[in-house]
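Good morning, and thank you for coming.

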Amino acid sequence: MLPPPLGFTADQRPRRTEIARIAFIGQQDFGKAVLEAFLARGDTVAGVFCSPDKPGAKPDVLKADAQERGLRVFSFPSLRSAEAEAAMRSLQADIGIMAYVLQFAPQSFVNIPKHGTIQYHPSLLPRHRGPSSISWPIALGARETGVTIFRPTDGLDEGPVVLQKKCTIAPDDTLGDVYFKKLFPLGVEALLEATDSVLAGRHREQPQDETLATYEGWLHDEEAEIHWPGHVDTIYNLIRACNPAPGAWMMLDGVKVRVYDCRKHVVGRFVSRGHKPGDVAGVSENSIVVWAQGGLIELLKLRPEGGGKMGAGDFARQRGWPISDAWRSWVRPA
C-alpha cells in the first residue's frame, strides 16, 4: 500500500491565495462537472482541450458547455502535434487539469503549464490501471476503491501520486452506484483539492509501487458474458460491474438478453432435483431464477437483444412460463 498521507485533512488543506489560470483537458459529463466546479469558485479557465467530435455523433457535453461559456476550445486529433503544444503555450497556464481524457498527452504537452499537469483516475493506483478501472474492482468482489490524482507520464496511469481518496463498495453496489454516487463527486472534490496543494507547493508526490500494480483493459461484450458454471458470487459481481453498461449477458430461451437488476441467493445444502448451472430454477411474478454454483441468481430486469429494458417476470409471461417458487425453500436463511 502507498504510505499515508497522500491527502489533507480540512485543517491541513492549503488555502488558495490567488486565482488559478487553468488549461483544461477533458470530456463528457465528468469533465463538464469539474470545469463548472473550477469556474464556480472563481478560477480562470484559459482554454479547454477536447477530442474532436465523431461524425454523426452529438457534440461532447464538455465541449458544448465550454463553447456556450465563451471559453477558448481546442479540438486536435492528437495532443502530440506541434499545433497542440503551441496552443498550450499560448494559454500561459498555471496548471493543467486532466478530467477524463482518452487522448494520449505526451510530456512535451503536459509539462508546459507553470506547475505542470495533474490527472484524475477512478481507482486507487497502482491497482486497476486502464480504461475500465471502475468496473473491475466490482467484478473482482472488492470492498473498497477510490480516486487518484497523479502526474501523467508516458506510461498509462503510471505517474507519481499527488492525492488519493477512498470509498467503500457495498455488497450490492452496481457500477452506476459506485460511479455516480461515489467516484464522480469524490473525483471533482479531489481535483480541486489537489490543484490547491500543487499551486501552494505543499503537495507530496509518491511514486507508484510497481509490485502492487495491475492493468486491465476494457470490459467489453466478451468480458461481460455470464458463465453460469462459475460461482454465484462471481456471476453476481460481474452483473453488478456491468450495470448499467455494457450489461452482462446470457442466452435465455434462445434469446440474447442483457441482465441488469438482480439478487443473489445462497443455497447451503444439497438439492436432489436437477439443477445444472444456467438452468431456470423457477419463475415468480417479477423474476426469473437461474442456477449457479453455490446458489441462485434472481433476474429482475433485463433487455432482450433488439428491444428495451423490461421486467424479467414480463419476459417469462411472454413465453408462457408458469410461476414456480419451489426454489425459495432451497435458499439459505439470511
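I begin with S123, which, leaving aside its neighbours within four places in sequence, is in contact with H128, S133, T145, G146, V147 and T148. Please keep in mind that this is a predicted model. S123 itself sits in the loop that runs between β5, residues 117-121, and α5, residues 135-139. Is S123 buried or exposed? Its relative accessibility is 0%, and therefore S123 counts as buried.

S197 belongs to helix α6, which covers residues 175-199. S197 too is buried, as its relative accessible area is 0%. A polar atom of the S197 side chain lies 2.8 Å from the backbone oxygen of A194. As for its place relative to I149, the two residues are 48 residues apart along the chain, and their C-alpha atoms are separated by 11 Å.

The largest pocket has a volume of about 1100 Å³. Its lining comprises 40 residues, of which Y100, L102, P131, S132 and W218 are the closest to the centre. Which elements give two or more residues to this lining? They are α1, residues 28-40, together with β5 and α6. Helix α6, where S197 is placed, gives the most to the lining, with five residues.

Key. Residues numbered from 1 in each chain as written. Predicted model: local features only at pLDDT ≥ 70, side-chain atom pairs only at ≥ 80, totals over all residues. Heavy atoms only, no water. Helix = DSSP H or I, 4+ residues; strand = E, 2+ residues; numbered from the N terminus. Buried < 20%, exposed > 50% of the residue type's maximum accessible area, 1.4 Å probe, protein only. Contact = heavy atoms within 4.5 Å. Polar contact = N/O pair within 3.5 Å; in protein donor to acceptor, adjacent residues only side chain to side chain. 1 Å grid on protein atoms, 1.4 Å probe; cavity = no way out; pocket = protein on both sides within 12 Å on 5 of 7 lines; lining within 4 Å. Points joined across faces, edges and corners; volume = space filled by probe spheres on them.
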